Amino acid sequence: MSARVTLAVAGRVLRQVRRDHRTLAMLLVLPCLLMSLLWWMFADLPGNAFDGFGPALLAIFPFTVMFLVTSVTTLRERGSGTLERLLSMPMGKLDFLLGYALAFGVLAAVQSALAVAVSVGLLGLDVNGPVWLLGVVAVVDAVLGTALGLLVSAFADTEFQAVQFMPAFVVPQLLLCGLFVARDELPAVLSALSNVLPLSYAVDAMQELVGTADQASVWADVSVVLAFALAGLALGAATLRRRTP
Amino acid sequence: MMNNVIELRDLVVVRGDRTVIPGLTLGVAAGVTGLLGPSGCGKSTLLRSVVGVQRIRSGAVEVLGLPAGDRGLRDRVGYVTQAASVYDDLTVAENLRFFARVLGVLRGEVDAAVAAVDLGEQRDQVVGNLSGGQRSRASLAVALLGDPDVLVLDEPTVGLDPVLRRDLWRLFHRLADRGKAVLVSSHVMDEADRCDRLLLMREGRIIADGTPDAIRGSARDIEAAFLQIVEAPA
């Protein structure tokens with residue numbers, strides 16, 4: 001592993017995103033618009049439903065977006081021959097993966113800072129815990145999305161397949177993460193299943209921050225998500241083969 | 001007899017259910033070696049095996065005395081894949097600077113590589129906006145970074161104009177004069193005369209091996225020689 005190569009990969013990925021103005025605009029603006037839409041939906045209802053759903057969405061955006069962006073970019077990298085070239089150079093597989101995770105982590109930090117600023121500042125989302133911790137959770141979620149995106153891109157031959165992994169890998173986690181039905185009220189099997197899905201912990205961490213704000217349990221949730229992300233990166237490294245058929 | 005830089009022994013490569021290379025033993029020394037044959041004959045597979053990115057069924061591939069793909073070879077072998085393996089959304093200079101950082105070579109080499117492939121005017125243009133020939137030259141420039149001892153080039157001159165093609169072959173010879181081994185594939189038979197040594201390949205086998213003059217023999221050109229060899233009664 002080499003910090004030089006990791007930083008080179010991260011810098012290069014960020015430069016590519018910066019050049020793609022439309023992608024950059026969507027990455028940064030879309031979560032803010034969707035948070036506003038969510039707030040608007042509940043605007044005429046009594047109670048604080050926005051405070052209930054908002055945090056979960058703040059966890060879901062970086063995860064979903066980075067999952068998609070990463071799986072498609074890595075697939076492009078596999079298809080264009082640049083990955084083959086890089087693997088024939090003195091580049092460790094982890095350098096490649098961590099470079100991507102770092103670049104998308106930075107993007108997620110900016111994306112979440114904006115979404116949190118809009119939600120808390122403009123839309124009045126009530127956060128009891130420290131606001132910066134929301135950002136930390138969001139970045140870890142993004143790294144999780146990146147790790148899983150890298151992993152599944154190994155199993156997709158085309159961009160069409162990669163995009164299909166989104167309903168396969170992301171939507172079940174969305175349904176079971178406690179957003180629609182509290183996790184302990186799910187049927188036993190599904191509740192157990194939700195316990196082994198990383199997004200559940202990401203959403204728990206966000207909801208904890210808005211609710212009782214027990215920082216210890218937020219960090220516990222964050223570490224679970226981080227562990228999933230690292231496992232994903234390790235598995236992803238195993239799927240990067242220098243020799244291909 | 002010169003020392004072989006690349007050594008293949010009984011190489012067998014199977015892709016899917018097709019035996020692409022059924023058993024090949026070959027040595028390649030310094031100099032410009034051309035690998036000519038129709039598309040689909042196994043040229044790319046052979047080159048990928050030399051770089052160490054091809055999964056092989058059996059046999060051995062050694063480069064500079066090390067197994068192909070060995071860690072110690074990764075900054076000594078420059079490789080151009082058939083697709084221009086550069087990032088379309090970066091400029092020529094940005095691409096080169098990135099690969100230079102991965103290789104750990106000095107930034108000054110970027111300018112030398114850009115000049116070597118004559119992309120000075122395009123250095124700040126995004127690769128995606130360049131012509132096919134310019135893109136493949138950008139890809140070639142990446143392979144030149146770090147002054148590798150072995151260059152493995154998969155059809156680097158496809159679609160280039162004749163002047164540029166001549167200039168690139170001159171570049172290959174200048175590198176060979178400095179002791180490098182340059183292994184170049186092409187499916188264009190008229191490039192044969194530009195090589196020190198010629199390998200004609202068909203259906204995974206080397207059907208002729210020698211200087212262009214020796215292979216041509218009495219035939220009109222290399223294409224005619226190729227046909228003579230293929231159609232000769234066994």
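Modeller: A residue counts as buried when its relative accessible area is under 20%, as exposed when that area is over 50%, and as partly exposed in between. By this reading A:R76, at 42% relative accessibility, is partly exposed. The structure discussed here is a predicted model.

Biologist: With which residue does A:R76 form a salt bridge?

Modeller: The general idea comes before the case. Side chains of opposite charge can pair when their charged atoms come close. Here the partner of A:R76 is B:D89, and the closest N and O atoms of the two are 3.3 Å apart. A:R76 belongs to helix 3 (residues 49-80) of chain A, while B:D89 sits in the loop between strand 6 (77-80) and helix 2 of chain B, so this pair joins two chains.

Biologist: How many salt bridges does the structure hold over all chains?

Modeller: The total is 21 salt bridges over all chains. One of them links B:E94 to A:R15, again with 3.3 Å between the closest N and O atoms. Since B:E94 is part of helix 2 (residues 92-103) of chain B and A:R15 is part of helix 1 (residues 3-19) of chain A, this pair, too, joins two chains. B:E94 is buried, with a relative accessible area of 9%, whereas A:R15 is partly exposed at 32%.

Biologist: Which parts of chain B does the pair of B:R123 and B:D111 tie together?

Modeller: The side chains of B:R123 and B:D111 meet in a salt bridge of 2.5 Å from N to O. B:D111 lies in helix 3 of chain B and B:R123 in the loop between helix 3 (108-116) and helix 4 (132-144), so the bridge ties together parts that are 12 residues apart in sequence. B:R123 is partly exposed, with a relative accessible area of 23%, and B:D111 is partly exposed at 41%. Salt bridges may also form a network, as they do in linking B:R76, B:D147, B:D149, B:R178 and B:K180.

Biologist: At what angle do helix 4 and helix 5 of chain B pack?

Modeller: The angle between two helices is taken between their N-to-C directions. For helix 4 and helix 5 (residues 162-177) of chain B it is about 10°, and the axes are 13 Å apart. As angles under 35 degrees count as roughly parallel, these two helices of chain B are therefore roughly parallel to each other.

Biologist: Which residues of helix 4 and helix 5 of chain B meet?

Modeller: From helix 4 of chain B come B:R137, B:L140 and B:L144, and from helix 5 come B:L164, B:L168, B:L171, B:F172 and B:L175. By class, this contact has 7 nonpolar residues, 1 charged residue and no polar ones. The spacing of such residues can be read from the helix itself: an α-helix has 3.6 residues a turn, so residues three or four places apart point the same way.

Biologist: Is B:S139 buried or exposed?

Modeller: B:S139 is buried, at 1% relative accessibility. This serine is located in helix 4 of chain B. Neighbours within four places in sequence aside, B:S139 is in contact with A:R85, B:V80, B:A84, B:S85 and B:V86.

Biologist: Which residues is A:S112 in contact with?

Modeller: Setting aside neighbours within four places in sequence, A:S112 is in contact with A:P62, A:A117 and A:A138. A:S112 has its place in helix 5 (residues 93-122) of chain A and is buried at 4% relative accessibility.

Biologist: How many residues has helix 3 of chain A, and what follows it?

Modeller: A helix may be checked by setting its reach against the span expected for its number of residues. Helix 3 of chain A has 32 residues and reaches 46 Å from its first C-alpha to its last, close to the 46 Å expected. The residue that follows this helix is A:G81, with a positive phi near 95°.

Biologist: Where does B:E155 lie, and what is its phi?

Modeller: B:E155 is in the loop between strand 7 (150-154) and helix 5 of chain B, and its phi is positive, about 50°, although the residue is not a glycine. B:E203 likewise is not a glycine and has a positive phi of about 50°; its loop runs between strand 9 (197-202) and strand 10 (205-210) of chain B. B:E155 is buried at 8% relative accessibility, whereas B:E203 is exposed at 55%.

Methods:
Residues numbered from 1 in each chain as written. Chains lettered and ligands numbered in written order. Predicted model: local features only at pLDDT ≥ 70, side-chain atom pairs only at ≥ 80, totals over all residues. Heavy atoms only, no water. Salt bridge = Lys/Arg side-chain N within 4 Å of Asp/Glu carboxyl O. Helix = DSSP H or I, 4+ residues; strand = E, 2+ residues; numbered from the N terminus. Buried < 20%, exposed > 50% of the residue type's maximum accessible area, 1.4 Å probe, protein only. Contact = heavy atoms within 4.5 Å. Axes fitted to C-alpha atoms, helices over the stretch in contact; angles between N-to-C directions. Parallel < 35°, antiparallel > 145°, perpendicular 65-115°, else oblique. Nonpolar A, V, L, I, M, F, W, Y, C, P; charged D, E, K, R; others polar. Expected span 1.5 Å × (residues − 1).
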